Amino acid sequence: MRALISVSDKTGVVEFAQALCELGFQVVSTGGTYTRLADNGIEVTSISEITGFPECLDGRVKTLHPAVHGGILAMRDKPDHMKQIDDLNIEAIDVVAINLYPFKETIEKPGVSLEEAIENIDIGGPAMLRSAAKNYKDVVALCDPADYPAVINELKETGGLSQDTKFMLAQKVFQHTAAYDAIIALYLWRQTAAVAPDKLTLTFEKLQDLRYGENPHQRAVYYKDVGAWRGSLANAVQIHGKELSFNNINDTNAAVETLKEFDEPTVVAIKHATPCGVGSGFDILAAYKKAYDCDPTSIFGGIVAANRPIDAGMAAEISKIYIEIVIAPEFTQEALDVLTKKQNIRLLTLEGITDSREKQIDMKKTRGGLLLQEYDDQIFNESELTVVTDRIPTEREMQDMVFAMKVAKHVKSNAIVLAKDGMTVGVGPGQVNRIWAVRNAIRQSNFDLKASVLASDAYFPFDDCVEAAAEAGVTAIIQPGGSKNDGDSIKKANELGIAMVFTGMRHFRH
């Protein structure tokens with residue numbers, strides 16, 4: 001019996017090879033694996049002795065040879081197959097243990113070059129694994145060191161592996177090689193992303209099984225995008241509290257994505273994936289108080305995200321109410337001493353919580369299809385900002401309008417956000433017409449809206465939105481513009497003394 005072992009991840013390989021030798025297998029190996037086994041006293045044969053051909057091209061070619069693939073692919077129950085390999089002096093290979101060049105780990109390194117990434121594309125490894133998996137009835141195909149102990153145990157107990165075990169291992173191989181190729185294809189595409197590919201294959205790694213989905217009768221799983229960048233929620237570390245649910249994860253992601261718009265100390269409160277309060281301040285406690293004050297009712301049972309470490313002062317304020325999740329770059333020990341007294345709160349840390357990466361892909365699943373688009377990573381182009389009214393906004397109004405538009409971008413459309421002094425003072429999300437969104441934002445506000453500003457994710461179809469805003473005390477409006485009735489809204493704003501700015505950039509969020 002013969003086993004071919006060639007691994008980049010050498011976890012457990014010495015023990016595995018030793019056990020195979022004790023079971024009577026001849027172990028064949030390549031390159032670094034051969035050296036590791038030989039250095040540990042394992043009797044091992046070089047692949048070059050099998051092929052009669054030296055490894056060449058810096059190791060790029062070593063196993064792509066009939067003596068290897070013939071030994072793997074020969075079907076033992078076909079006499080002509082066995083006669084052919086016998087005539088060619090090819091010995092059957094019964095176990096193939098391969099794991100691949102670390103392409104994913106390579107591209108995750110900061111500053112990796114395209115050339116380095118390409119050098120870590122494995123060619124021979126996937127070919128051998130796929131060959132072994134295709135011929136699973138006769139060959140054991142292993143791609144995961146975690147499977148070594150079970151395979152050795154079954155070989156010791158029964159002298160071989162069952163068809164069920166070999167089929168399971170073959171399935172795992174094809175999932176593994178498919179994911180490997182998908183990572184490569186996606187990485188290379190992302191180098192330009194000029195044109196969407198005709199065929200798109202995505203790959204994700206399972207992080208955990210969830211208790212259920214949006215509702216208890218729905219099963220659910222949480223997967224991580226392979227290559228998820230620093231600052232992605234999938235890289236967060238939970239340091240306290242019970243397991244996250246489907247809705248917890250979705251809502252927390254909304255909080256983190258909103259938070260990424262801000263550089264100054266900012267806190268985002270989320271309820272049902274919608275911002276219910278956002279505040280920026282001179283420190284994180286001041287920011288939290290602003291976010292809380294926007295809507296003290298909705299924040300109850302919600303998600304709180306902060307872009308600065310949570311200190312004892314903020315922790316003391318949070319502990320006064322029921323909050324599901326708090327996520328931040330870190331927590332001081334004093335903050336943890338306060339918050340961990342609450343058993344049901346979940347605490348998460350996320351390094352690089354405000355980091356973004358260019359060329360992100362936004363996907364929405366439809367039944368039987370997938371919508372793909374570039375991520376909406378802009379607020380507006382300053383060169384396209386246009387004051388369209390007679391009155392020019394003050395510096396304070398302009399700052400608040402930019403703040404409000406950053407939030408409106410993350411509110412379900414039709415979206416209206418009212419802001420004043422670096423905090424939201426009213427949010428009108430997800431209405432089927434814009435005037436309802438304006439009225440809801442006004443009606444739900446706990447504040448005197450005099451001298452507040454209004455941001456709209458899309459244009460005003462009629463001037464009724466301007467009129468309603470003015471009646472509430474709004475003095476400045478920012479919106480994309482682009483309606484055939486823009487003139488009516490501008491005229492109404494001039495009549496009411498409101499400053500209005502057009503951005504030329506819409507932010508629908510459906």
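Predicted model: local features only at pLDDT ≥ 70, side-chain atom pairs only at ≥ 80, totals over all residues.
The tour begins with helix 1, which spans residues 13-22, and helix 9, which spans residues 148-158. The axes of these two helices are 10 Å apart, and the angle between them is about 10°. Because angles under 35 degrees count as roughly parallel, helix 1 and helix 9 are described as roughly parallel to each other. Their crossing is left-handed. On the side of helix 1, the contact is made by Val13, Phe16, Ala19 and Leu20, which meet Tyr148, Ile152 and Leu155 of helix 9. Sorted by class, this contact of helix 1 with helix 9 holds seven nonpolar residues, with no polar and no charged ones.

Helix 16 (residues 434-443) and helix 17 (residues 464-472) have axes that come within 9 Å and cross at roughly 10°. With that angle, helix 16 is roughly parallel to helix 17. Here Arg434, Ile435, Val438 and Ile442 of helix 16 meet Asp464, Cys465, Ala468, Ala469 and Ala472 of helix 17. The contact of helix 16 with helix 17 divides into seven nonpolar, no polar and two charged residues.

Is lysine 492 buried or exposed? Its relative accessibility is 17%, and buried means under 20%, so lysine 492 counts as buried. Once neighbours within four places in sequence are left aside, the residues in contact with lysine 492 are Asp463, Val466 and Glu467.

Asparagine 120 is found in a loop, between helix 7 (114-119) and helix 8 (124-134). Asparagine 120 is buried, with a relative accessible area of 17%. Again leaving aside neighbours within four places in sequence, asparagine 120 is in contact with Tyr101, Pro102, Phe103, Thr106 and Tyr180. A polar atom of the asparagine 120 side chain also lies 3.0 Å from the backbone oxygen of glutamate 116. For a sense of scale, asparagine 120 and tyrosine 322 are 202 residues apart along the chain, and their C-alpha atoms are separated by 49 Å.

The last group concerns the backbone. Most residues other than glycine have a negative phi, and most peptide bonds are trans. Histidine 272 is not a glycine, yet has a positive phi of about 55°. This histidine is found in the loop between strand 9 (266-271) and strand 10 (274-280). With a relative accessible area of 65%, histidine 272 is exposed.

Aspartate 421 likewise has a positive phi of about 55° although it is not a glycine. Its place is in the loop between strand 17 and strand 18 (424-428). How exposed is aspartate 421? The relative accessible area is 45%, which makes aspartate 421 partly exposed.

Finally, the peptide bond from serine 413 to asparagine 414 is cis, with omega near 0°. Asparagine 414 sits in the loop between helix 15 (395-408) and strand 17 (416-419).

Definitions and conventions:
Residues numbered from 1 in each chain as written. Heavy atoms only, no water. Buried < 20%, exposed > 50% of the residue type's maximum accessible area, 1.4 Å probe, protein only. Contact = heavy atoms within 4.5 Å. Helix = DSSP H or I, 4+ residues; strand = E, 2+ residues; numbered from the N terminus. Polar contact = N/O pair within 3.5 Å; in protein donor to acceptor, adjacent residues only side chain to side chain. Axes fitted to C-alpha atoms, helices over the stretch in contact; angles between N-to-C directions. Parallel < 35°, antiparallel > 145°, perpendicular 65-115°, else oblique. Left-handed = near helix turned anticlockwise from the far one by under 90°. Nonpolar A, V, L, I, M, F, W, Y, C, P; charged D, E, K, R; others polar.
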